[in-house]
Amino acid sequence: MSRVLTFLVLCAAFAGACSTGGDAGFDTTSPPSPSNTGVTPSPPNLAAARVGLKQIAVLEQPLAMAVRPGDPALYVAEKPGRVVALRGTAEPEVVLDISDEVSLGGEQGLLGLAFSPDGDFLYVDYTDTTGDTHISEFEVHHGEIDASTERLVLFVNQPFSNHNGGQLVFGPDGDLYIGLGDGGSAGDPMDNGQSLQTLLGKILRISPRPAEGDPYTIPDGNPFADGAAREIWDYGLRNPWRFSFDRLTGDLWIGDVGQNAWEEVDFAAAGSTSGLNFGWNLFEGTHPFEPGAAAQTVPPVYEYPHNGSTCVVTGGYVYRGQEIPALEGAYVFGDFCLGRLEALRQLDGQDPQVVDLGPVVENLASFGEDANGELYALSLSGPVYRLVAVTS
């Protein structure tokens, strides 16, 4: 996400201008049929979606959002190193401050957070004062995050200051998925994306609780063993800045930031083979990047070019809320520079339908999903918005 480095540096504080598989282990049981007719109902008309934005807070460079099971608060990571709780109309409350441990370069900072499925632990992804990646765990006691309990789960040396990834997600299988960029610079000069000996340029899958003295364990079903990094789940990614699982189906959606010409959205259906190669740096989207690239790779489900207004894909979520029925089952995403919210729906193997939802978010850095499946958009400039239905 080299352009994210450029644009994050320039934006907000920055406030100016705007880079052989195993089973996935997901529960792929189909949801019950809504009728006994045997006819699959048509999806809602995506073009009929009318979406607005409701500002719920203004924070300092919000970059990621998470919810804790059984807790109505929204937890937002601020880039300088704080986690803020949003509780209704109350003032935002800082519930964790590790700003003394965090570096503040363009693509550095507190980049991601996720609560364990039981709500007893908070995991954060941040770059330390030397620019290296820490995945750290904090205990949660009676709803309070205990800053004194920090435990380093995973450390990754970053050869350059950009392409740090940062997304943390607990998957439908209860394991922790971690997004790491290719290590930075431009063009993946160390060929990390295609190397199975490094964690860079990958989505990882681990069980973060320690066992037998190890800081984490490797879940059964991870695709690689001897001669490769066993933490790897998928590879060939340039900077999977934001990815998510469809809470209904378990499908994986990845917004992978391109180089200079193409941005891409990648997709892996629940239950599909793990160890997928999404192509970087052999391909940028569907377009050859390295001469003679011939590896078997998974093409993006959607790509779009740089056109002077676009620059960096911001991956989002499949909408499973109740407030905007026409969005049901559509993947909502955007572009950091363009800021326009868009929705994508796949239809029986056809080219995806992509619709402009209307709202524009300046410096669109991230999305969030609450316990009810409603979606939020985070602006690096400060505002946090909830997506709402527009009735007229």
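Begin by selecting C311, which counts as buried because its relative accessibility is 2% (buried means under 20% relative accessible area, exposed over 50%, partly exposed in between, with a 1.4 Å probe and protein chains only). The model is predicted: local features need pLDDT of at least 70, side-chain atom pairs count only at pLDDT 80 or more, and totals for chains, interfaces and linings use all residues. Residues are numbered from 1 along each chain as its sequence is written, and side-chain values use heavy atoms, with hydrogens and water left out.

**The disulfide**

C311 and C337 form a disulfide, with their sulfur atoms 2.1 Å apart (a disulfide is a pair of cysteine sulfur atoms within 2.5 Å). C311 lies in the loop between β19 (302-305) and β20, and C337 in the loop between β21 (331-335) and β22, so the pair ties together parts that are 26 residues apart in sequence. Strands here are DSSP runs (E, at least two residues), numbered from the N terminus. The link is right-handed, with 95° about the S-S bond.

**The open sheet**

Next, select strands β20 to β23. These four strands form an open sheet in the order β20-β21-β22-β23, with antiparallel pairing (two strands pair if DSSP finds at least two bridges between them). The edge strands, β20 (313-318) and β23 (353-360), each pair on one side only. Five bridges join β22 (residues 340-345) to β23; in one place, A343 has V355 in β23 as its bridge partner.

**Strand β7 and its neighbours**

Move to β7 (residues 121-127), where seven of seven residues are buried. F121, Y123, D125 and T127 lie on one side, and L122, V124 and Y126 on the other. Antiparallel pairing over five bridges connects β6 and β7, and G112 stands opposite D125 in β7. These two strands form a hairpin with five residues between them, and G119 in the turn has a positive phi of about 75°. On to β8 (residues 133-141): β7 and β8 pair in the antiparallel sense over seven bridges, and F121 has E139 in β8 as its bridge partner. In the turn of the β7-β8 hairpin, G131 has a positive phi of about 95°.

**The second largest pocket**

Finally, select V67, V169, F170, R247 and E369, which lie nearest the centre of the second largest pocket, among 35 lining residues. On a 1 Å grid over the protein atoms alone, a pocket is an open set of points where a 1.4 Å probe fits, with protein on both sides within 12 Å along at least five of seven lines; lining residues have an atom within 4 Å of a point. Strand β2 gives the most to this lining, with four residues.
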